[in-house]
Amino acid sequence: AADLAASDVDAHEARLLLRSLDLAVESELVAANSLGGKVNLAQLQEGLASQTFYKMQEGRYFVQLSLEEAEHLRASMHAMRT
């Protein structure tokens, strides 16, 4: 297995990853704090695993749903649009 502590990823790639997770503001902060345009992979992984990035957002809440509950919720949300 690769040593994540010594691995870096390009700051642009880290920014794209965080944006895909709806963390646009956090992606800019991570990129701005990168050293030499690189982001430590172990720190990025730890931030995602511990949900540190999500703690930066006020008013965002998380719930755990079963797949069946999520399907019903999604259908309800689509029905409300029409």
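Here is a quick tour of this chain, from its overall layout down to a handful of residues. Keep in mind that the model is predicted. The chain has 82 residues, and its secondary structure comes to four helices and two strands.

**Overall layout**
- Of the residues in the chain, 22% count as buried.
- Take the contacts between residues at least 6 apart in sequence: 71% of them join residues at least 24 apart.

**How confident is the prediction?**
- The mean pLDDT of the chain is 83, and 87% of the residues reach 70 or more.
- Helix α4, covering residues 67–81, has the highest confidence, at 92.
- At the other end sits α2, where confidence is lowest, at a mean of 84.

**The largest pocket**
- Rolling a probe the size of a water molecule over the atoms shows where empty space is left.
- The lining of the largest pocket is made up of D8, L29, V30, N33, S34, L35, K38, V39, N40, Q43, L44 and F53.
- Sorted by class, that lining has six nonpolar, four polar and two charged residues.
- Three elements each supply at least two lining residues: α2 (24–32), β2 (38–40) and α3 (41–49).
- Strand β2 gives the most to the lining, with three residues.

- S34 counts as buried because its relative accessibility is 18%, and the cut-off for buried is under 20%.
- L35, on the other hand, has 73% relative accessibility, so it counts as exposed, which takes over 50%.
- The side chain of S34 reaches the backbone oxygen of A31 at 2.7 Å.
- Setting aside residues up to four places away in sequence, S34 touches A11 and V39; V39 is also one of the residues lining the largest pocket.
- L35 and D10 are 25 residues apart in sequence, and their C-alpha atoms are 10.0 Å apart in space.

**N40, a lining residue in a strand**
- N40 has its place in strand β2 and is among the residues that line the largest pocket.
- With a relative accessible area of 19%, N40 is buried, because the cut-off is under 20%.
- The side chain of N40 reaches the backbone nitrogen of A42 at 3.0 Å.

**E28 and its partners**
- E28 is found in helix α2.
- E28 has 33% relative accessibility, so it counts as partly exposed.
- Apart from neighbours within four places in sequence, E28 is in contact with R15 and R19.
- E28 and R15 are 13 residues apart in sequence, and 6.7 Å separates them in space, C-alpha to C-alpha.

- Most residues other than glycine have a negative phi.
- D22 isn't a glycine, yet it has a positive phi of about 65 degrees.
- You'll find D22 in the loop between α1 (11–20) and α2.

Key: Residues numbered from 1 in each chain as written. Predicted model: local features only at pLDDT ≥ 70, side-chain atom pairs only at ≥ 80, totals over all residues. Heavy atoms only, no water. 1 Å grid on protein atoms, 1.4 Å probe; cavity = no way out; pocket = protein on both sides within 12 Å on 5 of 7 lines; lining within 4 Å. Nonpolar A, V, L, I, M, F, W, Y, C, P; charged D, E, K, R; others polar. pLDDT = per-residue confidence, 0-100. Buried < 20%, exposed > 50% of the residue type's maximum accessible area, 1.4 Å probe, protein only. Polar contact = N/O pair within 3.5 Å; in protein donor to acceptor, adjacent residues only side chain to side chain. Contact = heavy atoms within 4.5 Å.
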